[in-house]
Amino acid sequence: MEKEIWVPVTFTHIEYPKGDTLGMILAWFSLLPSFTVISFIPVIVLRRDLTTIFFFLGMFVNEGVNQVLKRVIAEPRPSRTASSVQWSQYGMPSAHSQFAGYFAIFVVLLFYVRISVVTFIIPLAKIWKHVLASVTVLVSLAICYSRHYLKYHTEKQICAGFLVGLAIGAVWFIILEKFAGPYFPIIASMPICEMLLIKDYSLIPNTLWCEYHCIKTEMRSRAKKYIRPE
């Protein structure tokens, strides 16, 4: 029987069986948590809203809990003799699956609790919430499956990580809604936040619609100043 060769995705340590197309696709899915965390940096810099910042901070809380649990439980990852990477970290619970659970539940709750839709303006506007929520859940499950398919974790480690992530995401969202969120208008009005242009959208039912009309109104106002009749 020919020995199975595992190769890493370029510039990463995520390996998949050489010649396995599905393995290569799942390897990229396995990288999504890293890409997501990195992508939050420009999002925060551009939007500067407190909810996004709070969501981002929750990712570090989630990761911190994962590292503590791994060291307390101290369960090794599954063995994979064909791997070229020597694993030093424990595998229970899976950090990727825990991130997927945290991200999925927080985003879904954000869609259905925080974001409202102006249905009389866009008749099919409600559909996008269901579509985006479904895509978020499916991608999160794909991340979990990738960790099993690529033999980085056992099924038990993946399920435990996903459930812990769901719990942390739900608790973090409750903290946002019940405890931290009510103070966001006060925090946003602080001099340091005003200097850094940090905003609070929590009292705006539809931020997308609000931003669109504010920008459109501002553009019309500026157009009147620069466009003069001949």
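This is a predicted model: local features need pLDDT of at least 70, side-chain atom pairs count only at pLDDT 80 or more; totals for chains, interfaces and linings use all residues.
Ala74 sits in the loop between H3 and H4. Its phi is near 55°, a positive value in a residue that is not glycine. Lys151 is another non-glycine residue with a positive phi, here about 60°. The loop that holds Lys151 lies between helix H5 (125-149) and H6. With a relative accessibility of 40%, Lys151 is likewise classed as partly exposed. The loop between H3 and H4 also contains Pro93, which is joined to Met92 by a cis peptide bond with an omega of about -5°. Most residues other than glycine have a negative phi, and most peptide bonds are trans.

The chain contains nine helices and two strands. Their order from the N terminus is β-β-α-α-α-α-α-α-α-α-α. Of the 230 residues in the chain, 37% are buried. The accessible surface amounts to about 14300 Å², and carbon and sulfur atoms account for 71% of this area. Among contacts between residues at least 6 apart in sequence, 65% link residues at least 24 apart.

In soluble globular proteins, nonpolar side chains tend to be buried together. The largest nonpolar core of the model comprises 24 residues, and Phe55, Met59, Tyr102 and Phe106 have the most contacts inside it. Two or more residues of this core come from each of helix H2 (32-47), helix H3 (50-73), H4, H6 and helix H7 (184-188). H4 supplies the largest share, seven residues. A second, separate core has six residues, among them Ile14, Ala27, Leu31 and Leu150.

The surroundings of Met59 can be described residue by residue. When neighbours within four places in sequence are left aside, Met59 is in contact with Thr36, Val37, Phe40, Phe99, Tyr102 and Phe103. One of these partners, Tyr102, is listed with Met59 among the residues that have the most contacts inside the largest core.

Helix packing was examined for H4 and H6. Helix H4 (residues 95-114) packs against helix H6 (residues 155-180) at an angle of about 35°, and the two axes are 6 Å apart. The crossing of these helices is right-handed. The contact of H4 with H6 is made up of 16 nonpolar, six polar and two charged residues.

Terms used
Residues are numbered from 1 along each chain as its sequence is written. Side-chain values use heavy atoms; hydrogens and water are left out. Axes are lines fitted to C-alpha atoms, for helices over the stretch in contact, and angles run from 0 to 180 degrees between N-to-C directions. Helices (H or I, at least four residues) and strands (E, at least two) are DSSP runs, numbered from the N terminus. A crossing is left-handed if the near helix is turned anticlockwise from the far one by less than a right angle, and right-handed if clockwise. Ala, Val, Leu, Ile, Met, Phe, Trp, Tyr, Cys and Pro count as nonpolar, Asp, Glu, Lys and Arg as charged, and the others, Gly among them, as polar. A nonpolar core is a set of buried Ala, Val, Leu, Ile, Met, Phe, Trp, Tyr and Cys residues joined through side-chain atoms within 4.5 Å. Buried means under 20% relative accessible area, exposed over 50%, partly exposed in between (1.4 Å probe, protein chains only). Contact means heavy atoms within 4.5 Å. Accessible areas come from the Shrake-Rupley method with a 1.4 Å probe; for residues, only the protein chains shown count as cover.
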